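Please find below a note on the model shown here, written for a reader new to it.

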Amino acid sequence: MSLQDFCHQLNQLAEEASSAFSNATEIEELEAARIEFLGAKNGRLKSVQKLMGTVPKEEKPKAGQTLNQVKTSIQDGFEEAKTRLVSDGSESGVDPTFDATLPGLGRRLGRLHPISQTINELTDIMGRLGFSLAVGPEIEDEHHNFNSLNIPNDHPARDTLENFYLVPESERTKQLLLRSQTSTVQVRVMDATPPPIRIISLGRVYRPDTADATHYPMFHQMEGLMVDQAVTMADLKSTLRMFATSYLGDEVSIRFRPSFFPFTEPSVEVDFYWNGQWMEFGGAGMVDPNVLRSVGYDPEEVTGFAFGLGVERLCMRRYGILDIRDLFTNDVRFLRQF
Ligand code: PHE
């Protein structure tokens, strides 16, 4: 074979390789073209190279030189095409197998605990009825938890078995306990503010109840207090009814049962109808004149109502939760449902 024919074949091959590489649109296609032209065993360049033996001896150096040039240019053409395909495939140009159309890994969002959600909603509803939020400490003294609420010294509500007292009797100058009711906040607000008053207080209270489906040693109460001229039991009932229909829906039935609390007179238990039965949600009544007097109010001038409702029960009633303990086990599979 003449040098001319040999070079002609090489150039032909170089042209074909160059268009095969630049036409490739997939990395697999490019790889197939690489094997076709540059394959170490049966590549087309290899076949042409074999023809070099038939080129006349004195022209061999020139033939070898052309062969090397063509080989380099085919290899360069391949590298160029590879760079083009890889950087098309992903921005960083790193991973040609990356598929931007595959669905991503979802990030699970956190959310508020159902009790926090309930508290926010109760605050909203009562806010629309004109009640603002008041807060008080969870560690209380006897004065606020009992004395000022007209609870006598020998009342069973003060029993050590009914409360979490914080300091042993022998060491205390002032008896401290975890508050057993949010009624403490009534006193704190009235002590600090002259009437009229319209507040709610939402927070934790503590009683050494054994945990069962309806009791837990820690739970939340929503306390309400309204004091003004000529506030009556009718205001109490209509406020609670408005609250209950806002939170639980128009079909809710509410019932007052005569009861006794030292700090209200008359007193009632507040029941909502649930699951085919009446269920107690809290207590309420007209603020006892003794309580009004203890904060320096004149019971001849102002009257008031107060109520305390169990937040967990409201939340459970709303969402159909049957066991209070589920709220505090902190199993996210449960909590995620609300
Ligand atoms: N503090 C009472 C309780 O925890 C509920 C209550 C609040 C009753 C306000 C009357 C008025 O049982």
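1. In this predicted model, a polar side-chain atom of arginine 207 lies 2.7 Å from an oxygen atom of the ligand, a polar contact being a pair of N or O atoms within 3.5 Å. The protein covers 91% of the 320 Å² of accessible area that the ligand has on its own (Shrake-Rupley method, 1.4 Å probe).

2. A polar side-chain atom of glutamine 181 is 2.8 Å from a nitrogen atom of the ligand, and an N or O atom in the side chain of serine 183 lies 2.9 Å from a ligand nitrogen atom.

3. There are 14 residues around the ligand, counted as near if one of their heavy atoms lies within 4 Å of it. Those that come nearest are Gln181, Ser183, Arg207, Gln221 and Gly308. By class, the shell has five nonpolar, seven polar and two charged residues, with Gly counted among the polar ones.

4. Helix H7 (183-192) and strands S6 (218-228), S9 (277-287) and S10 (303-310) each supply at least two residues of this shell. S10 gives the most, with three residues. Helices (at least four residues) and strands (at least two) are DSSP runs, numbered from the N terminus.

5. The protein is divided into domain 1 (3-87) and domain 2 (114-335), with bounds from an automatic or database assignment. Their centres, taken over C-alpha atoms, are 89 Å apart.

6. Residues are numbered from 1 along each chain as its sequence is written. Local features need pLDDT of at least 70 and side-chain atom pairs pLDDT 80 or more, while totals for chains, interfaces and linings use all residues; side-chain values use heavy atoms, leaving out hydrogens and water.

Note on methods: Polar contact = N/O pair within 3.5 Å; in protein donor to acceptor, adjacent residues only side chain to side chain.
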